[in-house]
Every structure is written in structure tokens, then in C-alpha cells.
Amino acid sequence: MGVQSDESPNFTNCKTFDLESWEKHHLHVAPWRACSQNVWPASSSLLEQITGPTPPQWQSSSSSSGPVLQEKTTESSLQSVNGSRPPEVSTKDLVSLQLPRPLSIMDLALPPRHGSDLRVAYQGVPGAYSEAAAAKAYPQCEAVPCEQFDAAFQAVELWLVDRAVLPIENSLGGSIHRNYDLLLRHRLHIVGEVQLAVHHCLLAIPGVKKEELRRVVSHQQALAQCEHTLSKLEGCAREAVDDTAGAAQFISTHNLRDTGAVASARAAEIYGLEILMDGIQDDCDNVTRFLMLAREPVIPRNDRPFKTSIVFTLEEGPGVLFRALAVFSLRNINLTKIESRPQRKRPLRIVDDSNNGTAKYFDYLFYIDFEASMADSRAQSALGHLQEFAIFLRVLGSYPMDMSPMRA
């Protein structure tokens, strides 16, 4: 019943897109290491200051034991392979050690766990904005953290989880290009969207004043979105890491009293940190749009506002992109998003014209979102028209638009 380029009768003649096998490149990613050097992509000097010349050897259970989603870390599980003890931590710090370990790609080769609750994958650690988006999209779900975007896609495909909620664009930072590429490489369907207002806070160890901070860490975009506030902290350097909540977790675990984190209020609650400043983003209209992904598409309907996402590529020629966009304008269909990404299999196209010589063109894929359901005859007609000159076309999903109030 789904709308898909290789199933719909309107698109059976469409050429398939030849993608390189990418598993060889991605399936050797090291698993998540709790509180180790690999989880903190900061400078070497900072790491030595925190962990000493020899970083701790203890780590979370390896992928051979399966994805540990809710198992609490015990004293025996923190023993390293050579019998050394982990560093002593306070009861407050243990909160970060009891959280679900994010799934890595190494975990995804294991048999899935079956349960009655809806399980939703997100990228990051507990307290991330993606976790809040998953809770908004599916209020009664079990949120499952994943180490990388790739792992979240594969967790759905391998039945480890039922859905994934992943960011696709931010009102200030723009598109998340990695997830655009992964949408094409995987055969998941977009079944919904959710928009979340981002509310940044400056967090630190309890008792630390903002004047004592010598460093603030967070995701690169979060630091950029708080530029005005952070610039007022004299003598305070900024350092980018992979995740906002991950930065809060690391500060709490290592009791870094000279380091603050830009993260959510929920991250402060989870990791026992204190909110020094609330709402420090420069622009209050800071919204991230997330996609809800599933193995099966939703059935398009006309009884509520729907959005459809597609991807296509065109032959090089004068006016060909104008013709592609005109198929929607002619039918009074509103476009809400246009994104272009290079074709990794064939990034350059060489055109040989006997009269004008040889030219090289960049070869692009075009992602488009438009406001119409695939149950609407206008959308069906537009894509039928587009197929006449598109050498590849795929419907990524036709799904209800998010009309709910936004919240952080």
C-alpha cells in the first residue's frame, strides 16, 4: 500500500540508482566506550589533564554481550580485562553510569530484543534534544540511544527498534547533510515529522560559579547558537564535541569544576549538574525539525495536511531544473524544502560536445519536500510529469505534517 518508486505503477520504468556498498566502511566502527578518551573528541592536552597520561582501561561491556539498553552498571561489570579497578566516583556521579549504553553499529549484528512497548531510536545519550524529540513524537515510547546516525537507521532495519527519530534541519544551522545521505542509502520510510524548540542552558558542577569557568564545551552548532552569551565569559575558551548531552555527561563523570557545558535542562537533571544560565541561545526562534522513520510507510490520506518527500536526479541541460520545479508550480503545489547533494558514485559528469569541446559538471541529487499527499491527484500527476525527464526518482515518504505546538 506504500508509495515507493519501485512499487507504484507510475514509476516502474524509473532507472534504479546504483549505490556503492557502504557496509565495509562503516561496520568496523569501535563500540561506545564509557568515560574513555574516545568518547571525548577534545584536545590531547585536555584529556591528559583529566585522565592522566594513561587513560582508564575499563569500559562498558563489548558488543559480544549484546546491546545493554537498561542494565545498570555494577561493581563487577566495571572490572577491566586486566583486573584493574575503575576510578572512584561519588554517588552523584553514578547516575551517568546507570544510563542506557548507546547502541553502536557493532551491536546491530546481534539478535533483536522483543518487547511490547514501542521502541524508538535516537542519536546521542540521555538528555539529548533528540531524546526530547522522540518523546514528543511518541509520548509512551521506550527511547533507545544510539551512538551514530547510521546505527539508528540500522536498528530499525534489523528490528531492534520500531522507529527512529532523527534531525534533518535546524532553523539556524541549516540541513543535517549526513541524514540526507543516509535516507537514500537505507530503505526506510518517512512516516512523520516533529519540530522541537531548542532551549540551551549553561551547566556546571554544583557550587561552581560561571566566573570560575575556563572552558565551555558542547556541539559546534550549540556553541555557535550561544555566541553572544558565551563571548561575555572572560577568559573562557570554547571547545566543540559530538553531543550536547554527552558533554554534560563527561563533565559530571570527571567532576570538571573549571568546565561548563551547553546542553538542555534535562541533561542537567540527569547528570546532577547545576544550571548557571537559562535560555542562553542568541535567537529564541531556534527550532530543529526531526523525521520519524519506520520500516513500512503510512497510508497517504486527504483528511489532514500531508507532506511528501522525494529525491531525484536529472540529466544535464539548459532549463532542466526549471522544468523539474515547474511540475509543482503548474499544479499549485507548495515546495517547503529544496536540498542538493552530490552523487557519491558519480560526483562529476563529463559532457563531450564536438562543437564546444569537453566540459565537466557536478552531478547532483535533489531532495524536495512539498505540501501534498500522495493520495492527492495533483501530487500523482506532478510526479508522473517529473518522471518524464528524471533519470532517477524515489518517494521517501508521504506523511502528516507536524501541526502541534513546539516545546523544548
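In which sense do E5 and strand E11 (residues 287–294) pair, and over how many bridges? They run antiparallel, over eight bridges. A quick note before the close-ups: this is a predicted model, where local features need pLDDT of at least 70, side-chain atom pairs count only at pLDDT 80 or more, and totals for chains, interfaces and linings use all residues. Residues are numbered from 1 along each chain as its sequence is written, and side-chain values use heavy atoms, with hydrogens and water left out.

View 1. Strands here, like helices, are DSSP runs numbered from the N terminus (H or I and at least four residues for helices, E and at least two for strands). Two strands pair if DSSP finds at least two bridges between them. Zoom in on valine 194 and you'll find its bridge partner in E11, phenylalanine 290. Strand E5 (residues 189–197) is largely enclosed by the rest of the structure, because eight of its nine residues are buried. Buried means under 20% relative accessible area, exposed over 50%, and partly exposed in between (1.4 Å probe, protein chains only).

**View 2. Alanine 132 and leucine 196.** Alanine 132 sits in helix H4 (residues 129–137). With a relative accessible area of 28%, alanine 132 is partly exposed. Leucine 196 is 64 residues from alanine 132 in sequence, yet their C-alpha atoms are 8.0 Å apart in space.

**View 3. The open five-strand sheet.** Follow the strand order E8-E7-E9-E6-E10, with mixed pairing. Strand E8 (237–241) and strand E10 (274–278) are the edges, each pairing on one side only. On average, neighbouring strands of this sheet are turned by 30° against each other, direction ignored. Axes are lines fitted to C-alpha atoms (for helices, over the stretch in contact), and angles run from 0 to 180 degrees between N-to-C directions. Helix H9 (residues 244–254) packs on the sheet and touches strand E6 (201–204), E7, E8 and E9, and its direction makes about 150° with that of E9. Contact means heavy atoms within 4.5 Å.

**View 4. Inside the sheet: E7 beside E9.** Strand E7 (residues 215–219) and strand E9 (residues 259–263) pair in the parallel sense over three bridges. Valine 216 stands opposite glycine 260 in E9.

**View 5. Two cysteines, no bond.** Searching the whole structure for disulfides turns up zero; a disulfide is a pair of cysteine sulfur atoms within 2.5 Å. Cysteine 201 is buried at a relative accessible area of 0%, and cysteine 226 counts as buried at 0% relative accessibility.
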